[in-house]
Amino acid sequence: MSYEPPHPTGRLLLTPDDKEAPARARRLRHLGLGQRPDPALDAFAARLAGRVEAPYAMVNFLDERGQFFAGLHTPLTGPLVRDDGTRPLIGRFLPRDHGFCPHVVVRHKALVLEDVRDYPRFAGNPVVDEFGIRSYLGAPLIDTTGMVLGTVCAADIRPRPWGRTGLDTIKSTAADLTARLELGDDGP
């Protein structure tokens, strides 16, 4: 674990060390992934958002520099407004210390956070304050070599009882997408 400077809220943030990042970056380049937005992965993220009824869904690839959402679904309109009246806008790039996907990648396991504020380790994460994220559901994309390529995830600005159904859904979605990515078929 690497310790980040104290968050403005006074909470200490932990960002996991990712010793596999250089090898992952090479593997992603070999597969032609993680370099640019992919309309098929955007469509995949949109289907995932619909399936779990979440406003945000992503296909995220991580390397030494940070996170890249090759597949991204965000709400175009609607009632998603933070407490301060602004809209959370998530772009294609995030630093490694933002969000929960770096934890999923290093753990090689799915992560379900029904309300991130219930977990001191995650409550001070920048996406909580900057984007209003309150719940997260993510699973690793583990290829046939055992390498974690990235994650598939969904997030909401309100607490969500994802439950066992959410966990099973995100894990099966990740396994399905990983098989498609290795075959070079990330379409519907």
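View 1. Of the contacts in the protein with a separation of 6 or more, 65% join residues 24 or more positions apart. The model is predicted. Of the protein's 188 residues, 52% count as buried. The secondary structure comes to six helices and eight strands. From the N terminus on, these elements follow the order β-β-α-α-β-β-β-α-β-α-α-β-β-α.

**View 2. Helix α2 packs with helix α6.** Helix α2 spans residues 39-52, and helix α6 spans residues 163-183. The angle between them is about 165 degrees, and their axes are 12 Å apart. Angles over 145 degrees count as roughly antiparallel, so α2 is roughly antiparallel to α6. The crossing of α2 past α6 is right-handed.

**View 3. Residues in the contact of α2 with α6.** Helix α2 contributes Leu41, Phe44, Leu48, Arg51 and Val52. From α6 come Thr169, Ile170, Ser172, Thr173, Asp176, Leu177 and Leu181. By class, seven residues of this contact are nonpolar, three are polar and two are charged.

**View 4. Phe68 and Phe93 form a tilted aromatic pair.** A search of the whole structure finds four aromatic pairs. In the pair of Phe68 and Phe93, the rings are 4.9 Å apart, centre to centre, with 45 degrees between the planes. The pair links distant parts of the chain. Phe68 sits in strand β4 (residues 67-73), and Phe93 in strand β5 (residues 93-94). The two residues are 25 residues apart. Which of the two terms, buried or exposed, applies to Phe68? Phe68 counts as buried, because its relative accessibility is 6% and the cut-off for buried is under 20%. Phe93 is exposed, because its relative accessible area is 63% and exposed means over 50%.

**View 5. Tyr119 and Phe122 form an edge-to-face pair.** The ring centres of Tyr119 and Phe122 are 6.5 Å apart. Their planes make 65 degrees. Tyr119 is partly exposed, with a relative accessible area of 33%. Phe122 is buried, at 8% relative accessible area.

**View 6. A cluster of rings includes Tyr119 and Phe122.** Which residues do ring pairs link into this cluster? They are Phe100, Tyr119, Phe122 and Tyr136. The edge-to-face pair of Tyr119 and Phe122 therefore has both its rings in the cluster, since ring pairs link these residues.

Note on methods: Residues numbered from 1 in each chain as written. Predicted model: local features only at pLDDT ≥ 70, side-chain atom pairs only at ≥ 80, totals over all residues. Heavy atoms only, no water. Axes fitted to C-alpha atoms, helices over the stretch in contact; angles between N-to-C directions. Helix = DSSP H or I, 4+ residues; strand = E, 2+ residues; numbered from the N terminus. Parallel < 35°, antiparallel > 145°, perpendicular 65-115°, else oblique. Left-handed = near helix turned anticlockwise from the far one by under 90°. Contact = heavy atoms within 4.5 Å. Nonpolar A, V, L, I, M, F, W, Y, C, P; charged D, E, K, R; others polar. Phe/Tyr/Trp six-rings, centres within 6.5 Å; stacked < 30°, edge-to-face > 60°. Buried < 20%, exposed > 50% of the residue type's maximum accessible area, 1.4 Å probe, protein only.
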